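Please look at the model below. A set of questions and answers on its ligands follows.

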Amino acid sequence: MTATSDRRPVLSYFSTWILCVLGGLLLTSGTAKAQQSPAPPVDNCRTCHAQLDDRLGEPAKQFADDIHGTRGMTCASCHGGDPSEEDMEKSMSKAKGFRGVPKRNEIPQLCAKCHSDGAFMRAYNPSLRTDQLSQYRTSVHGKRLAAGDTRVAVCSDCHGIHKIRPASSPISTVYPQQIPNTCGRCHADAAHMKPYKIPTDQLLNYQASVHFEKLQGGDLAAPTCVTCHGNHGATPPGISSVERVCGTCHVFQEQLFDQSPHKTVWAAKKIPSCLTCHGNHAIKHTSDAMIGTGKDSFCMTCHTAGDNGGKTAGQISAALAGLDKSLADADAVLDSAEQKGMEVGEARVTLSTAHEKLIKARVDLHTMNSARVEETTKAGEKLAQQVNKEGVQALAEYAFRRKGLALSLVAIAFVVIFLWMLIRSLERPSAGSEAGRTGAS
Ligand code: HEC
Ligand code: HEC
Ligand code: HEC
Ligand code: HEC
Ligand code: HEC
Ligand code: HEC
Ligand code: HEC
Ligand code: HEC
Ligand code: HEC
C-alpha cells in the first residue's frame, strides 16, 4: 500500500515533466511557425554568398526582402545545387543539379517552372495568375526571344532578379508609377534600340502627357505603358484595338465617335481614330482652341475653312465660345452680388448645372455634328441667362435696399433733430423760472 502511495507522486512528477516538455516543444515549434512560415530552410548558399563582395555578394544581401526569400525559397530554387552542403565545391556541383547563372533565353522557362505550375502556385497564393509564360510567348518580346534575339525584355528585366516584390508593392518595378521607367530603361535607350529603327521617344512623350501628370498625382486610374500595351503580352495595339484601349476609360467619346462621319471614312482609309487627333504618348489637356479654324485646331490638318468639315468646326467652336462667355458673364454678376452680401446660393447651383452643359458639349463634339452640340449649348445658355437674370435682380434689390436705407437714415436724422429741438424748447421755460428765482433772491 505504502509502495503505491509512494510511487504516485513519482509517477505524477514524471507525467507532469513529460507534459511540460511536450508542451514546451509544441509551443516553441508553434511560435517558430508563427514567426516564419514555412520554417527557414538551411541555405548555405546564402550564408556563404552574404560574405562575398559585389556581384557574388549582392544577390544574397538583396534576397532577404525578395518575395521568394520571404516565402521560404532558396538560392537553389533557381540556380540548383545543394544548399545543405557547407562546402563550396559540393554545394555548387553539377552532380547536385547546380546550373550556375542562367542565360537570358533560359529565364522565362526558369521562372515558369513554378509560375506556370498551377498546383504549385495555388499552395502559396491561389489568386495569382499562372499564364505569364503563355502570354509572354504571344508578345513581340517573346516572339523575338524565341527567334534568338536577347535584347528584348525577359521576366527579370521587368521584375528584377534578387529583389523581386509583389506587383502590389509601391517599390515594385512593375507598380504603376514605376512602370514607365522600367520600360523606358530599354525603350528610351537609343543605343540599345538601334537595330530596330523604331522611335525611342515614348517615355519622354508619355512624361509630357496628361496621363502621366495624373499618375504622378496619385491617380492610379490613369494609363501607364502596360495599360495600353499589355504586360506579358506587350504588343503595340493595332489600329482596330487602339479605339478599344482609349474607349475602355473614355466610354462616351468612343460611342460618339462611332456616330461621327469619320467612323467609316477613316476606317476605310486606315486612319486611326482617337490618336489621329489626340496623339498616343504625349496626350495633352484639351482646349476649345483644338476645334475651330485657328492654328491649334485639329480639324484644319485635313479640312479647309470652306468645306463642310471646316464649317462644322467653326459652328461648334462658336457654340462653345458663346456658352463659355455667357457662363463667365453670369459668374461675374453673381460675384459682385456676393461681394455686396446678397444671398445667391441657389443661382450658384443653377450656374454649375449650366457649366455641366459646357462639359457635355465638349464630349458631344465627338459626333462632329454641330446641331447635336448646339442642342446642348442652348440648354446651357438658357440656364446661364436665368442665372444672369437672378444676379441682376439681386443687384437691383441691393440698390433698392440702399435707397431705402438712405431714406430711413434721412428720416431718422429728421426725428433726431426734431427731438433735439423739442428738448431745447422744453428746457427754455425752466431756464426762465431759474432766472426768476435768482431775481427774487
Ligand atoms: C562556401 C561558399 C559558397 C557556397 C556554400 C556556395 N557558393 Fe556560390 N560561389 C561561391 C564563390 C566563391 C563563387 C565564385 C567562384 C566560382 O564561380 O566558382 C560562387 C559563384 C556562384 C555563382 C556564380 C557563378 C558564375 O558563373 O558567375 C552562383 C550563381 C552561385 N555561386 C550560386 C550558389 C548556390 C545556388 C549555392 C548553393 C547551392 C552556392 N552558390 C553555394 C561561394 C559559395
Ligand atoms: C527567382 C530565381 C532566383 C533566385 C531565387 C536566385 N537567383 Fe541568382 N540569378 C537568377 C537569375 C535569373 C540570374 C541571371 C540574371 C542575368 O541575366 O544577369 C541570377 C544571377 C546570379 C548571380 C550572378 C550575378 C552576376 O551579376 O553575374 C549570382 C552570383 C547569383 N545569382 C547568386 C544567387 C544567390 C546567392 C541566391 C540566393 C541568395 C540567388 N542567386 C537566388 C535567379 C535567381
Ligand atoms: C521555385 C519556384 C519559383 C521560381 C523558380 C520563381 N518563382 Fe516567383 N514566386 C514563387 C512563389 C511561390 C511566389 C509567392 C506567391 C505569393 O506568395 O504571393 C512567387 C512570387 C513572385 C512574384 C510576385 C507576384 C505577386 O504579385 O504577388 C513575382 C513578380 C515573381 N514571383 C516573379 C518571378 C520571376 C521573374 C522569376 C524568375 C526569375 C520567378 N518568379 C521564379 C515561386 C517561384
Ligand atoms: C515587359 C515587362 C514584363 C515581362 C517581360 C514580364 N512581366 Fe510579369 N508583370 C509585368 C507587369 C507590369 C506586372 C504587373 C501587373 C500589371 O500591372 O499589369 C506583372 C505581373 C506579374 C506577376 C503577378 C501576377 C500577374 O500576372 O499579374 C507575376 C507572377 C509575373 N508578372 C511573372 C512573370 C514571369 C514569370 C515572366 C516571364 C515569363 C514575366 N512576369 C515577364 C511586367 C512584365
Ligand atoms: C530589356 C529591354 C526591354 C524592356 C525592359 C522592355 N522592352 Fe519592349 N522591346 C524591347 C525590344 C528590343 C523590342 C523589339 C523592337 C522591335 O521589334 O521593333 C521591344 C518591343 C516592344 C514593343 C513592340 C514595338 C514595335 O512596334 O515593334 C512594344 C509595344 C514594347 N516593346 C513595349 C514594352 C513595354 C510596355 C515595356 C515595359 C512593361 C517594355 N517593352 C520593356 C526591349 C525591351
Ligand atoms: C494611352 C495609351 C498608351 C500609353 C500609356 C503608352 N502607349 Fe505606346 N503606343 C500606344 C499607341 C496607340 C501606339 C501606336 C500604335 C500604332 O500606331 O499602331 C503606341 C506605340 C508604341 C511603340 C511602337 C513604336 C512607336 O513609338 O510607335 C512602343 C515601343 C511603345 N508604344 C512603347 C510605350 C512605352 C514604353 C510606354 C510607356 C512609357 C507607352 N508606350 C505608353 C499607346 C500607348
Ligand atoms: C476629329 C478629332 C477628334 C477625334 C477623332 C477624337 N477627339 Fe477627343 N477631342 C477633340 C477635341 C477638339 C476636343 C476638345 C474639346 C474642348 O475642350 O473643347 C476633345 C476632347 C477630348 C477629351 C477631353 C475631355 C472632354 O470631353 O472635354 C477626351 C477625354 C477625348 N477627347 C477623348 C477622345 C477619345 C477616347 C477619342 C476616340 C474615341 C477621341 N477623343 C477622338 C477632338 C477629337
Ligand atoms: C486606363 C484608363 C485610360 C485609358 C486607357 C486612356 N485614358 Fe485618357 N485619361 C484617363 C484619366 C484618368 C485621365 C485624367 C482625368 C480626366 O481628365 O478625365 C485622362 C485624360 C485624358 C485626356 C485629357 C482630358 C483633359 O483633362 O483635358 C485626353 C484627351 C485623353 N485622356 C485621351 C485618351 C486617349 C486618346 C487614349 C487612348 C490612346 C486614352 N486617353 C486612354 C484614363 C485613361
Ligand atoms: C485626318 C483627317 C481629318 C481630321 C483631322 C478631321 N477630319 Fe473631318 N473628315 C475627314 C474626311 C476624310 C472626311 C470625309 C470626306 C469629306 O467629306 O471631306 C471628313 C468628314 C467630316 C465631316 C462630314 C462632312 C460632310 O460633307 O458631310 C464633318 C462634319 C467633319 N469631317 C468635321 C470635322 C471636324 C469638326 C474636325 C475637327 C474636330 C475634323 N473633321 C477633323 C478627315 C478629317
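**Ligand surroundings**

Q: How many residues surround ligand 4 in this predicted model?
A: A residue belongs to the surroundings if one of its heavy atoms lies within 4 Å. The closest ones to ligand 4 are Cys 155, Cys 158, His 159, Asn 231 and His 232. The number of residues that surround ligand 4 is 17.

Q: Which helix gives the most residues to the shell around ligand 4?
A: Helix 7 (107–115), helix 9 (132–136) and helix 11 (155–159) each supply at least two residues of this shell. With three residues, the one that gives the most is helix 11.

Q: At what distance from an oxygen atom of ligand 4 does a polar side-chain atom of Asn 231 lie?
A: Ligand 4 has polar contacts with several side chains. A polar side-chain atom of Gln 132 lies 2.9 Å from an oxygen atom of ligand 4, and one of His 159 lies 2.8 Å from a nitrogen atom of the ligand. For Asn 231 and an oxygen atom of ligand 4, the distance is 2.6 Å.

Q: What is the arrangement of the donor atoms around the iron atom of ligand 6?
A: His 229 (NE2) and His 281 (NE2) coordinate this iron atom at 2.0 Å. His 229 is in helix 16 (residues 225–229), whereas His 281 is in the loop between helix 20 (274–278) and helix 21 (308–339), 52 residues apart. Six donor atoms counts as octahedral if opposite donors are over 155 degrees apart and all others between 65 and 115. Because the six donor atoms subtend angles of 87 to 179 degrees, the arrangement is octahedral.

Q: Is His 281 buried or exposed, or partly exposed?
A: Buried means under 20% relative accessible area, and exposed means over 50%. His 229, with 28%, is partly exposed. His 281 has 21% relative accessibility, so this residue counts as partly exposed.

Technical notes:
Residues are numbered from 1 along each chain as its sequence is written. Chains are lettered from A and ligands numbered from 1 in the order in which they are written. This is a predicted model: local features need pLDDT of at least 70, side-chain atom pairs count only at pLDDT 80 or more; totals for chains, interfaces and linings use all residues. Side-chain values use heavy atoms; hydrogens and water are left out. A polar contact is a pair of N or O atoms within 3.5 Å; within protein, one must be able to donate a hydrogen and the other to accept it, and residues adjacent in sequence count only if both atoms are side-chain atoms. Helices (H or I, at least four residues) and strands (E, at least two) are DSSP runs, numbered from the N terminus. Donors are N, O and S atoms within 2.8 Å of the metal (3.2 Å for Na, K and Ca); water is not among the atoms, so sites may look incomplete. Four donors count as tetrahedral if all angles lie between 85 and 135 degrees; four count as square planar and six as octahedral if opposite donors are over 155 degrees apart and all others between 65 and 115; anything else is irregular. Buried means under 20% relative accessible area, exposed over 50%, partly exposed in between (1.4 Å probe, protein chains only).
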